[in-house]
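Hello,

Please find the structure below. My notes on a helix pair and a few strands follow it.

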Amino acid sequence: MTKGKAYLVGAGPGDPGLLTLKGRDVLGLADVVIYDYLANEAFLEYAPPHAERIYVGKKGGDHTMTQEAINRLLVEKARDRVVVRLKGGDPFVFGRGGEEAQELAAAGIDFEVVPGVTAAVAVPAYAGIPLSHRDYASSMAFITGHERADGAPPEGKEGIDWGKLSSGIGTLVFFMGVKNLPEIASRLMEHGRSPQTPVAVIRWGTTPQQRTVTGTLADIVDKVREAALKPPAVIVVGDVVRLRDSLNWFETKPLFGKTVLVTRAREQASDFRKALEERGARCVEFPTIAVTPPASWEPLDAALASLDRYDWLIFTSVNGVRFFMDRLWAAGRDVRALAGIRLAAIGPKTAESLERWGLRLDVVPHEYRAESLLDALGEEAVRGRRFLLPRAAQARDVLPQTLRRWGADVDVVPAYETVPAAKGADGVAAMLEQGEIHVVTFTASSTVRFFVQALADRNVPKLLEKTVVACIGPITADTARSLGIHPAVVADEYTIPGLVRALCALL
């Protein structure tokens, strides 16, 4: 029997980018992932498909498992498998990782600890609050906010020395102390901390849902109550909180606090999502399309077999390039087969994908649509030439029709298909109805059509009345309007970066 092993991995405070490289690598080894409420579920994508995923989250009053049951599960699974115990923040900073490590050691199971970025440091940083500063604080303390309200220590444990905390430490960081905030503020003031000491309470720190309430020990309880701020939150007490006014970098991002629905195909959504998240948005993926091979390869194979007949090869998308090149390679050929053929591409990403194959483009129009390509080619240069267009099985006909009208011989062959792929439509509809989605993005006409199709049992235009609809360009916007959807944003540059810029300008 293979000997098992357990990794106690700190997942960081919430921002997926704060997972350590070692944490990511260890997840790739996992047979079992046991994860917490505060461990971002996006990290589960780093685990192998076969890995068992077990949620054992605990939040105030709602425990999926007791700690004792988690300990038993961890030992049981790690006897003969590789287990990753994914914990929010750092496993050894109020994460009960020490207790879990003790259980593993007692059972004779090999284990490693992979430290994580603790919320004590990261959450204040994302709120613009350094824990130390030579003008404000030269010491800090991390304290659990779960102490009993009467201040009595748990049996066999040392309690909080409020006197020393109040007078001897510059910056205090309390974990999970929202429910006990009145007691925390009261005891600090009772033991000598000035009522005017600045305080920040930060909920869901490092994520797009981050909310920060500031005040003083004297008024923070009332301010948090008025803001209806709930756990999970970190409390920072000390003069360093004053620096937030000038150092608040995260909550001032242009799309901070906005939830954006991304309808692009999943395999193409990553760059778009990354660009939105870098600007502070929370992204919800709802891919309405999937890109698949065409129903038959025969038309494309026939064209590939007679490439020397063509004067021009026009690509209208990255997907067209990918499937064309894959099929060319499958036929035992490579880019040398394109010698003597002039190349045109619509859009910089399409051009870049061709350039990665070592190909130079003859024409890339300034505007990224068929009409601009036609303007760049010109009627006189087209007449009598033979064109090959490998593209989606369903696409606009303006390009091939105009080329033929100008006297060109045009072969349009399906290189791929876009098909409906939307899952979770009920959840998305509920979020829209409750006003939880601020922006819906469409990056192609097909994403609009399949979005409407996925929500066909609802009045989609009405559902989107209070939501910003953003389209990548005028063609997509026209499709939306034809379906009763009115875009508030249409990018001037018909690219993902252009769409992101347009959103930032409006919001």
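Which residue of E19 does Ala392 stand opposite? In this predicted model, Ala392 faces Tyr416 in E19.

The strands

That pair belongs to a longer run of bridges. Strand E18 covers residues 386-392, and strand E19 covers residues 409-420. Seven bridges join E18 to E19. The two strands run parallel.

E18 also pairs with strand E16, residues 312-315. The sense is again parallel. Here there are two bridges. Leu313 stands opposite Leu388 in E18.

Is E18 buried or exposed? Seven of its seven residues are buried, so E18 is largely enclosed by the rest of the structure.

The helices

Now to H10 and H11. Helix H10 spans residues 298-305, and helix H11 spans residues 318-330. Their axes come within 10 Å and cross at roughly 65 degrees. Angles of 65 to 115 degrees count as roughly perpendicular, so H10 is roughly perpendicular to H11. The crossing of H10 and H11 is right-handed.

Which residues make the contact? H10 supplies Leu300, Asp301 and Leu304. H11 supplies Phe323, Phe324, Arg327 and Leu328. By type, the contact of H10 with H11 has five nonpolar residues, two charged and no polar.

To look at these spots yourself, start with Ala392 and Tyr416. Then go to Leu313 and Leu388. Finish with the crossing of H10 and H11.

Best wishes

Note on methods. Residues are numbered from 1 along each chain as its sequence is written. This is a predicted model: local features need pLDDT of at least 70, side-chain atom pairs count only at pLDDT 80 or more; totals for chains, interfaces and linings use all residues. Side-chain values use heavy atoms; hydrogens and water are left out. Axes are lines fitted to C-alpha atoms, for helices over the stretch in contact, and angles run from 0 to 180 degrees between N-to-C directions. Helices (H or I, at least four residues) and strands (E, at least two) are DSSP runs, numbered from the N terminus. Angles under 35 degrees count as roughly parallel, over 145 as roughly antiparallel, 65 to 115 as roughly perpendicular and the rest as oblique. A crossing is left-handed if the near helix is turned anticlockwise from the far one by less than a right angle, and right-handed if clockwise. Contact means heavy atoms within 4.5 Å. Ala, Val, Leu, Ile, Met, Phe, Trp, Tyr, Cys and Pro count as nonpolar, Asp, Glu, Lys and Arg as charged, and the others, Gly among them, as polar. Buried means under 20% relative accessible area, exposed over 50%, partly exposed in between (1.4 Å probe, protein chains only). Two strands pair if DSSP finds at least two bridges between them.
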